[in-house]
Amino acid sequence: MTPHYTALKAALLGSALALSSAAYAQEIKIGFNGDLSASPSAQSGQAGVLGIQAAIDDINAAGGILGRKLALVVRDDLSQPPKSIQNMSDLIDNEKVVAVLGPTNSGNALAWKHIPNQKKNPSIGCIGSATDITKPASPGAENYMYRVSMVDRAQVAGLIAYAKKNPATKNVGFLVETTGYGQGGLKDLQELAEAKGLKPVAIEKFGVNDTDMTSQLNKMKAAGVDTVLVWAQGTPIGQLVRSMEKINYFPVTLTSWSSDNASFFDTAGKTLAEKPIFMRTITEDRTPKQQQLYDRLAPKMASKSAFSFAAHCYDALMITAAAIKQAGSTEGPKMREALESLQAPVEGIMKTYNKPFSATEHEALTAADYRWTHWKDGKLVTYSDDVVKTLQPSDFAQ
């Protein structure tokens, strides 16, 4: 064996060891796919990314997972389903992410939910709330769609229960936007209202970019509607209450949680913003852990009201990390099995999660985690009245 050959062999062996070490130390990539710039909900996506990055920073500071650091790969889907579908394929096939968090808009998740299932790559939603996002493609089918956020149908059940139990309610009406989000909400409203024996006397729709809803409201008024249930994004709900002011018609207004968005507050203005009642997961009455994360992220947040999404996404990442650790792998099927049978509690910002998922339950937050909320003096505060005090978890049955 010549000295040259020995040196070459040593060099090759050194390179192999270096490659092996690099492969072992290679980062575990987590993807985020959601709107960060285009729709009224973009601020929610921005807050979500901050929450994910904060969780990654905490995990990496503690040594990472399986001896590897985590890294976040972000894609802006511009609130466009085709773009969001393209992003999913890019993240999974090209970036090799082991899981995707998001999206911001429910319609986009519904457009690509088949992709995580086909590619066996877990998706953990932490913003979009459409009911059907986490439903399996068919009964008993493998399902890689999970969520740590509110669910439209549970919110709708709460709004229906409020209207039903309010002795002042005589006639209800439904007002929804024409997007996938609005139409999904209308489906839930109609189905649960029928199940609860509540029949709307008027149903009206409006475009997400409409600025005048007086025509729809005049029809509601003519029908005698005293309680209106609204399913739309923040900006159009703001335009809706401005339209109410134009005709001096202010029925009890129960809305989707999108009224918590700064885009709603900015559109409605301080006084009119106090009209709607809705639910969300965090109010100004934050727990110590929530306050700690809020103080950490608030300087970076374009909208402080979007903090709940930062908390949801922080927790979604922590649950994902726990699944990787338990599985001892980043392979999709093994992660799915771990997600559905987590053995150790996961300390989150929203709560401590004990077995948040199972083979049939893919929602980590329940109605017990929801808080009745409204705007007061420019802040999101807990809402309570005689009706709210009577509501029980059973009233959220779907």
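Here are legends for several close-up views of this predicted model.

Residues are numbered from 1 along each chain as its sequence is written. Because the model is predicted, local features need pLDDT of at least 70 and side-chain atom pairs count only at pLDDT 80 or more, while totals for chains, interfaces and linings use all residues; side-chain values use heavy atoms, leaving out hydrogens and water.

View 1. The protein chain splits into domain 1 (26-150 + 286-365) and domain 2 (153-280 + 371-396), with bounds that come from an automatic or database domain assignment. Their C-alpha centres sit 28 Å apart. Across the divide, 17 residues of domain 1 are in contact with 15 residues of domain 2 (contact means heavy atoms within 4.5 Å). Now look for the largest nonpolar core, which has 86 residues. A nonpolar core is a set of buried Ala, Val, Leu, Ile, Met, Phe, Trp, Tyr and Cys residues joined through side-chain atoms within 4.5 Å. Buried means under 20% relative accessible area, exposed over 50%, and partly exposed in between, using a 1.4 Å probe and protein chains only. Leu-101, Val-148, Tyr-162, Leu-317 and Trp-372 have the most contacts inside this core. Helix α12 gives it the largest share, 13 residues. Another core, of 24 residues, lies apart from it and includes Met-220 and Phe-264.

**View 2. Helix α12, mostly covered.** This helix runs over residues 307-327; helices (H or I, at least four residues) and strands (E, at least two) are DSSP runs, numbered from the N terminus. Of its 21 residues, 17 are buried. How far apart are the end C-alpha atoms of α12? They are 30 Å apart, which agrees with the 30 Å its 21 residues should span at 1.5 Å a residue (the expected span is 1.5 Å times one less than the number of residues). Just after α12, Gly-328 takes a positive phi of about 65°.

**View 3. An open sheet of 5 strands.** Follow the order β2-β1-β3-β4-β5, with parallel pairing; two strands pair if DSSP finds at least two bridges between them. At the edges stand β2 (70-76) and β5 (145-147), each with a single partner strand, so one side of each has no neighbour in the sheet. Inside the sheet, 2 bridges join β3 (residues 99-101) to β4 (residues 123-125), and Val-100 has Ser-123 in β4 as its bridge partner.

**View 4. Ile-115, tucked away in α5.** You'll find Ile-115 in helix α5 (residues 114-119), where a relative accessible area of 5% makes it buried. Leaving aside neighbours within four places in sequence, Ile-115 touches Ile-85, Met-88, Ser-89 and Ile-92.

**View 5. Asn-261, a buried loop residue.** Asn-261 lies in the loop between β9 (252-255) and α10 (262-268). Is Asn-261 buried or exposed? At 6% relative accessibility, it counts as buried. Beyond its neighbours within four places in sequence, its contacts include Pro-40, Gly-234 and Trp-375.

View 6. Most residues other than glycine have a negative phi, and most peptide bonds are trans. Leu-78, though not a glycine, has a positive phi of about 60°; this residue is partly exposed, at 33% relative accessible area. Lys-355 isn't a glycine either, and has a positive phi of about 50°. The peptide bond from Gly-102 to Pro-103 is cis, with omega near 0°, and Pro-103 sits in the loop between β3 and α4 (106-112).
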